[in-house]
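Biologist: Hi! Could you walk me through this one with me?
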Amino acid sequence: MNDDGYWIIRILLQRGLALIYLMGFLAALNQFRPLCGDHGLEPARYFMRLVPFRDAPSIFHFLPGDRSYLLFSILGIFLSLLALGGMTDAFGILPSMLSWFLLWAIYLSFVNIGQTFYAFGWESLLLEAGFLAIFLGPSNTEPGWQVIWLYRWLAFRVMFGAGMIKIRGDNCWRDLTCLDYHFETQPMPNPLSRLFHRLPPSVHKAGVLFNHLAELILPPFFFAPQPVAAAASTGSLLFLGSIIVSGNFAWLNWLTAVICLSPLDGTLIAQLFSLTAPPMVPQAPLFTALTWGLCILVALRSVEPVVNLFSRSQIMNTSFDPFHLVNTYGAFGSITKERYEIVIEGTEEDAAGVDANWRAYEFKGKPGDPRRIPPVVAPYHMRLDWLMWFEAMPGQAGHSRWFVQLVIRLLEGDAATLRLLRGNPFPERPPRYIRALYYRYRFGRKQWWDRELVGEYMVPVSLEHPVLKLVRERYRNGDR
């Protein structure tokens with residue numbers, strides 16, 4: 001591929017990353033304060049008292065508080081829109097690098113203090129891809145092939161890492177039965193998930209084989225000459241597209257697809273769409289030197305991820321430095337065979353017996369009402385809904401701290417917390433008691449879900465419950 005091809009790939013990467021940044025900052029604007037704000041479920045201010053800046057670099061160590069979270073969310077959205085519209089390219093190398101650096105630094109600041117609600121692999125993936133974008137350069141400067149190849153290296157590690165964690169993990173990836181369960185038990189199904197679940201077993205087996213092809217066979221060819229690299233990229237993009245249409249995985253597969261654009265043949269794209277490269281000036285020597293410095297940095301930081309990648313005890317979705325520069329990835333090494341859901345209910349009655357008038361809280365994305373069709377929410381990320389999926393997994397030891405805080409906020413009628421939900425079944429005043437029931441869910445025939453009550457996840461509690469009183473007191477005193 002020549003420079004004319006690289007400039008097209010650069011544009012695709014920059015616009016795609018800008019879109020994902022936009023999703024990330026919109027989620028921060030809407031969710032960070034009720035989740036991790038001053039009165040959130042996991043307040044970042046307590047976390048920052050315990051974890052120093054060197055271990056979790058964040059702007060918010062110096063500018064803490066809900067007002068800063070709001071302002072930097074808005075700034076991130078503004079910069080994302082500028083990048084999406086190509087405006088960050090308009091004033092040369094320094095403004096371009098500064099814009100992409102600010103996007104990375106602000107998002108890093110949210111991730112590093114976001115605790116449980118930001119402990120997802122795609123946070124590190126966005127930060128690593130976003131850091132590389134600082135060195136892509138503006139559209140009026142000749143692109144550097146080195147950075148495009150660093151994106152290919154990232155695409156390889158994401159895809160191959162996911163393949164290796166699967167082939168080493170659950171037996172269903174080896175006997176080709178994982179898709180018999182996956183579409184029903186995935187974190188957040190969408191309207192097409194039930195259709196995919198009901199495909200014949202032979203199609204499911206073919207889907208697992210396609211998974212192994214896309215994640216284990218094709219990634220090494222990202223480094224091959226054209227048109228082989230482009231063919232491998234196309235196969236991976238088709239695979240990622242099948243995941244996108246069959247479930248809600250936030251921006252994980254959207255972002256992976258953006259990164260997997262890097263092996264495409266830009267020259268061929270230019271010919272197909274009759275595109276012509278804009279006038280470009282040579283790179284400044286300092287910028288070229290910085291680019292080669294980036295290559296050296298990535299090479300050095302890649303040692304641990306590569307060792308992990310080929311280790312029998314491979315771990316997934318791990319950062320090896322607080323800046324999330326070069327990470328290790330992987331997803332769905334094991335598949336849950338049954339779907340369990342926690343349904344939170346409240347009652348205004350003074351007695352919390354089984355005969356009380358219990359009303360359920362509905363979440364925006366996760367299953368609840370058996371009659372409700374799952375929505376399409378990706379690439380937007382509903383963090384509380386995802387954590388509820390993890391909370392409902394069998395074998396959990398007790399209730400998570402954030403879950404207890406969620407129950408307290410609902411008993412208090414906290415407006416910010418309620419905005420994270422689909423609606424408030426108690427618009428007049430908060431409920432007197434809250435309970436949580438544990439259900440097994442399956443795709444239904446007459447309605448969207450069939451569910452079976454397994455038991456109580458949390459017994460009925462009020463704000464007078466001694467445990468909740470203790471938690472509220474410790475929260476007020478700033479003691480975690």
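Biologist: Which residues does Q14 touch, not counting residues up to four places away in sequence?

Modeller: Q14 touches D89, W100, L136 and G137. Contact here means heavy atoms within 4.5 Å. Bear in mind that this is a predicted model, where local features need pLDDT of at least 70, side-chain atom pairs count only at pLDDT 80 or more, and totals for chains, interfaces and linings use all residues. Residues are numbered from 1 along each chain as its sequence is written, and side-chain values use heavy atoms, with hydrogens and water left out.

Biologist: Where is Q14, and is it buried or exposed?

Modeller: Q14 is in helix α1, residues 3-36. Q14 is buried, with a relative accessible area of 1%. Buried means under 20% relative accessible area, exposed means over 50%, and partly exposed is in between, using a 1.4 Å probe and protein chains only.

Biologist: Okay, zooming out. How many helices and strands does the protein chain have?

Modeller: The protein chain has 18 helices and six strands. They are DSSP runs numbered from the N terminus: helices are H or I with at least four residues, and strands are E with at least two. The radius of gyration is 24 Å, close to the 23 Å that the globule rule gives for 480 residues, so the chain is as compact as a globular protein of that length. That radius is taken over C-alpha atoms, and the rule is 2.2 Å times the number of residues to the power 0.38.

Biologist: What does the C-alpha trace span, and what share of the residues is buried?

Modeller: Along its principal axes the trace spans about 75 × 55 × 40 Å. Of the 480 residues, 56% count as buried. Among contacts with a separation of 6 or more, 76% come from residues 24 or more positions apart.

Biologist: Now the sheet. In what order do the four strands sit?

Modeller: The order is β4-β3-β5-β6, in an open sheet with antiparallel pairing. The edge strands are β4 (359-360) and β6 (449-461), and each pairs on one side only. Two strands pair if DSSP finds at least two bridges between them.

Biologist: How many bridges does β3 make with β5, and how many with β4?

Modeller: β3 (residues 339-347) and β5 (residues 433-443) pair over nine bridges, while two bridges join β3 to β4. In β5, R435 is the bridge partner of E345, and Y441 stands opposite R339. On the β4 side, G346 has R359 as its bridge partner.

Biologist: Which way do the β3 residues point?

Modeller: R339, E341, V343, E345 and T347 point one way, and Y340, I342, I344 and G346 point the other way. All of them are buried.

Biologist: Switching topic: where is A250, and what does it touch?

Modeller: A250 is found in the loop between α10 (228-246) and α11. Not counting residues up to four places away in sequence, A250 touches W122, A378, P379, Y380, H381 and W386. A250 counts as buried, at 1% relative accessibility.

Biologist: And how far is A250 from H212?

Modeller: Their C-alpha atoms are separated by 22 Å, and the two residues are 38 residues apart along the chain.

Biologist: Last one: how many residues of α11 are buried?

Modeller: Seven of the eight residues in helix α11 (residues 252-259) are buried, so to speak mostly covered. The buried ones are L252, N253, L255, T256, A257, V258 and I259.
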